[in-house]
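User: Can you walk me through this one? I'd like to start with pockets, then look at a few residues.

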Amino acid sequence: QRGHDVTMLQLISAEEQQLPFVGQIELDDLETGARQIVDAGAIADSYESAMQAFLERSRLHALRDGLDYALITTNTPPEQTLRDYLLRRSRREAAGYARAPRHA
């Protein structure tokens, strides 16, 4: 941070939060290039749990490091999302919200 006001805006699509597929689907691992066919219904609950855990870890790490954090979805127009975020932040600051101190 070094005296700067830093915010982590995490952008995610609705499809990433909740697996919208049914039946057999082919998934590509973007890191390894591996492909796998899975039953979407069979993995939906564990996928959604893992995604929620990931989002919570991201939020907690941002707050731990003294960053403001907002989760943004792609199904809302960017100008509305930014406006809503800035209004929420302004209300928090007006109410005396203080960001968490940065830990070494």
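**Pocket and residue notes**

Analyst: Arg-89 is buried, with a relative accessible area of 11% (buried is under 20%, exposed over 50%, partly exposed in between, with a 1.4 Å probe and protein chains only). This is a predicted model: local features need pLDDT of at least 70, side-chain atom pairs count only at pLDDT 80 or more, and totals for chains, interfaces and linings use all residues. Residues are numbered from 1 along each chain as its sequence is written, and side-chain values use heavy atoms, without hydrogens and water.

User: Which helix holds Arg-89? And what does its side chain make a polar contact with?

Analyst: Arg-89 lies in helix 3, residues 78-94. Its side chain makes a polar contact with the side chain of Thr-7, at 2.9 Å (a pair of N or O atoms within 3.5 Å; within protein, one must be able to donate a hydrogen and the other to accept it, and residues adjacent in sequence count only if both atoms are side-chain atoms).

User: Is Val-6 buried or partly exposed?

Analyst: Val-6 counts as partly exposed, at 26% relative accessibility. Val-6 lies in the segment before strand 1 (7-12).

User: How far apart are Val-6 and Tyr-85?

Analyst: They are 79 residues apart in sequence and 14 Å apart in space, C-alpha to C-alpha.

User: Back to pockets. Which residues lie nearest the centre of the largest pocket?

Analyst: Leu-19, Leu-27, Asp-28, Asp-29 and Tyr-47, out of 14 lining residues. Lining residues have an atom within 4 Å of a point; a pocket is an open set of points on a 1 Å grid over the protein atoms alone, where a 1.4 Å probe fits, with protein on both sides within 12 Å along at least five of seven lines.

Note on methods
Helix = DSSP H or I, 4+ residues; strand = E, 2+ residues; numbered from the N terminus.
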